[in-house]
Amino acid sequence: MTSIIKTKAGIFACTLVVLFAVICTSCTSKKEKKDAEPKPPNIIVIFADDLGYGDIGCYGAKGIKTPNLDALATGGFRSTDFFIPANVCSPSRAALLTGRYPMRAGYPVATRPAFPKYKNYGFAPEELTIPELLKSAGYRSLMVGKWHLGMEVKGSHPLDAGFDEYLGIPSNYGVDNTLYHNKDTVAKEVSCEILTSAYTDKVVDFINENQDHPFFIYVSHHIVHNPLLPSEGFKGSSEYGEYGDFVQELDFSTGRIMKALEEAKLHDNTLMVFTSDNGPTYKGQTGGLSGGKYCTMEGGHRVPGIFYWPDEIPVGQTSSTLMSSMDLMPLFCNIAAVNLPKDRKIDGENILDILKGKTSESPHEFTYYYNGTNLQAIRKGKWKLHLPRTVSDQPFWSKTGHPKVDKGFITLEDYVLFNLEDDLAEKVNVVVKHPEVVALLKKQADIIRAELGDVHVIGTDQRVPNLKNPQERDPVELKK
């Protein structure tokens, strides 16, 4: 009897050993599987300020050398039809971060924090942003540079918008030159010449500190917005004056970020996006487009668009497929396996198949050109219809400003139609030849006006800005 008990005990002990071994093997297998799971891609957006369609080498720049940006374009995807849904700074930033038209996101005009009118005009906390959505997939996020969405308004700071860390100044250089780290003051009256290198240093440090989990970095440059103050090492470096010097400093900063990724062995699994917030002032190059900043000609809304991701985007692509900065949010959420919100309209679309060369069809049937709160043009494919307008409809930046700035159509008594496929410079009005196209676009303009609003119309899906008379200057400024 005793021997039977011992035998059973031995069998039980052996069974425990085998079971323990199986469990350990299973745990090891699961750990190895977990370790083998690919990390979601890192994402970096470099957002230039007032950089024109023709201001960098791969878009035909004259007198300016941009080897690092050109290398990104050669090694990835270059868009020749990249649409920014605003022609000035603040609304273009709101659109990028939310994937929504500025009128829908409640930020249709540029903020001017130096004047009382804008004291309550800030980025709406109810808007969802790229860093907020990516956070659910384990992303850490950094923003450096120009915020320009009412940082001084409660609830409108970059940290309130989902960023884990921030280094920058509130708006344009010269308005408030206080450099902040998160919500702490680093320095007052900081020199513009040191900002680009300081921002780049921070980006490099953030890359090195966050190699074990995915990150999102938003580099919101001051380059090439006035004042043109490149750092000492770039003064006189180009054949295009201080403007060109500034662009070349921007290119150098991009090169430093790329080098940091390579040294951290994150280069292949990082999506880099380079674009600009709107077209150039009269000092920049539009690459043959009419207009520039402040107007709804192509020169104000069509900007460089470069995508680089060695693991996923085939090299050497140049595409004329219409895409938009609003597409970045859906794109990023797709590659991070994050669901887009279903409680609001997202105007952007996932463009990954375009970037991979799998399709050349734009996801946008129509695009809408607002100048502040005024709907001024609508596009479908190659057709672009400019809508009638008066001087009083225009935002203040179109009514006044530098006489050398091409402000497009300040007034229009009737509709003007352009075929962008044959006439990218918008010179030949073909409205009489295509009445059916005009009728279609006029009908769509009425639909979107009812939805997103206009100067004297509140849209059904418009977040009304906390701003009286958005198109007009502050009365205090007018008295000066």
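Visitor: How many bridges join strand E3 to E7, and in which sense do the two strands run?
Guide: This is a predicted model, so everything here is read from a prediction. Strand E3 covers residues 140-146, and within that stretch Gly 145 stands opposite Ser 220 in E7. The two strands run parallel, and the number of bridges joining them is 6.

Visitor: Which residue of E7 stands opposite Val 45?
Guide: Strand E1, residues 42-48, also pairs with E7. That pairing is in the parallel sense, over 5 bridges. The residue of E7 opposite Val 45 is Tyr 218.

Visitor: Why is strand E4 described as largely enclosed by the rest of the structure?
Guide: In a regular strand, side chains alternate between the two faces of the sheet. In E4, Glu 165, Leu 167 and Ile 169 point one way, while Tyr 166 and Gly 168 point the other way, and all are buried. E4 is largely enclosed because its buried residues number 5 of 5.

Visitor: Which residue of E5 stands opposite Gly 168?
Guide: E4 pairs with E3 in the parallel sense over 5 bridges, and there Gly 145 stands opposite Gly 168. E4 also pairs with strand E5, residues 179-181, this time in the antiparallel sense over 2 bridges. In E5, the residue opposite Gly 168 is Tyr 180.

Visitor: What radius of gyration does the protein have, and what does the globule rule give?
Guide: The secondary structure comes to 13 helices and 15 strands. The protein is as compact as a globular protein of its length, because its radius of gyration is close to the value from the globule rule for 480 residues.

Visitor: What share of the residues in the protein is buried?
Guide: Buried here means under 20% relative accessible area. The accessible surface of the protein comes to about 20300 Å², with 54% of it belonging to carbon and sulfur atoms. Of the 480 residues, the buried share is 57%.

Note on methods
Residues numbered from 1 in each chain as written. Predicted model: local features only at pLDDT ≥ 70, side-chain atom pairs only at ≥ 80, totals over all residues. Heavy atoms only, no water. Helix = DSSP H or I, 4+ residues; strand = E, 2+ residues; numbered from the N terminus. Rg over C-alpha atoms; globule rule 2.2 N^0.38 Å. Buried < 20%, exposed > 50% of the residue type's maximum accessible area, 1.4 Å probe, protein only. Areas by Shrake-Rupley, 256 points an atom, 1.4 Å probe, with all protein chains shown as cover. Pairing = 2+ DSSP bridges.
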